[in-house]
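Below is a short note on the model, arranged as numbered points. Please read it alongside the coordinates.

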Amino acid sequence: MNTAAWLLPCPGCAAMNRLPPERLDQAPRCGRCHQPLFQGYPLALTTGDFDRHALRSDLPLLVDFWAPWCGPCLTMAPHFEAAAAALEPRMRLAKVDTEAETALAARYGIRSIPTLVLIRSGRELARQSGALTCEQIVAWARQALSGA
Ligand code: ZN
């Protein structure tokens, strides 16, 4: 097993890129479509591409489970977007619309929204319910990752 390189799915074309972790900070681009692997904002994940980022990627995934009718979710949305710019490229941020993606919401037993779930290689490291500010999201995620 090659432990030097990380597997990193491209958000654009879905190609699995192999990347030494030290190259994360060098604005890496996809080897296939040449788009930047990090663009400073959360991905919108569906059942079709969730596992690629949650299970097959070596990069920790921070998911915001939300719904369009949820006031606190909409309040938190710009904070989560800003947190993506702060936390990338150490983790990938993504949003799952629980109204549209009911299977994913059920799989993670989401009972209240917004709920943040931090996942690495398919394993849940931490979760947190309720709206947070950008600073709180960044602090919580870093703490959760370092304690894992
Ligand atoms: Zn690509």
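**Notes on the model**

1. Ala 14 counts as partly exposed because its relative accessibility is 27% (buried is under 20% relative accessible area, exposed over 50%, partly exposed in between, with a 1.4 Å probe and protein chains only). Ala 14 sits in the loop between E1 and E2, and its phi is positive, near 75 degrees, although the residue is not glycine. Helices (H or I, at least four residues) and strands (E, at least two) are DSSP runs numbered from the N terminus.

2. On provenance: this is a predicted model, in which local features need pLDDT of at least 70 and side-chain atom pairs count only at pLDDT 80 or more, while totals for chains, interfaces and linings use all residues. Residues are numbered from 1 along each chain as its sequence is written, and side-chain values use heavy atoms, with hydrogens and water left out.

3. Ala 27 also has a positive phi, about 45 degrees, without being a glycine. Ala 27 lies in the loop between E2 and E3 and counts as exposed because its relative accessibility is 62%. Most residues other than glycine have a negative phi, and most peptide bonds are trans.

4. Two cis peptide bonds deserve a look. One joins Glu 88 and Pro 89, with omega about 0 degrees; Pro 89 is in the loop between helix H2 (71–87) and E5. Another joins Ile 113 and Pro 114, again with omega about 0 degrees, and Pro 114 belongs to the loop between H3 and E6.

5. The zinc ion has the SG atoms of Cys 10, Cys 13, Cys 30 and Cys 33 as protein donors, 2.3 Å away (donors are N, O and S atoms within 2.8 Å of the metal, or 3.2 Å for Na, K and Ca; water is not among the atoms, so sites may look incomplete). The arrangement is tetrahedral because the donor atoms subtend angles of 104 to 115 degrees (for four donors, all angles must lie between 85 and 135 degrees). The sequence spacing of the donor residues is C-x2-C-x16-C-x2-C. Cys 10 counts as buried because its relative accessibility is 1%, whereas Cys 33, at 25%, counts as partly exposed.

6. An open sheet of five strands runs in the order E3-E5-E4-E6-E7, with mixed pairing (two strands pair if DSSP finds at least two bridges between them). E3 and strand E7 (123–129) are at the edges with a single partner strand each, so one side of each lacks a neighbour in the sheet. E3 pairs with strand E5 (residues 92–97) in the parallel sense over two bridges, and Leu 43 stands opposite Ala 94 in E5.

Note on methods:
Tetrahedral: all angles 85-135°; square planar, octahedral: opposite > 155°, others 65-115°.
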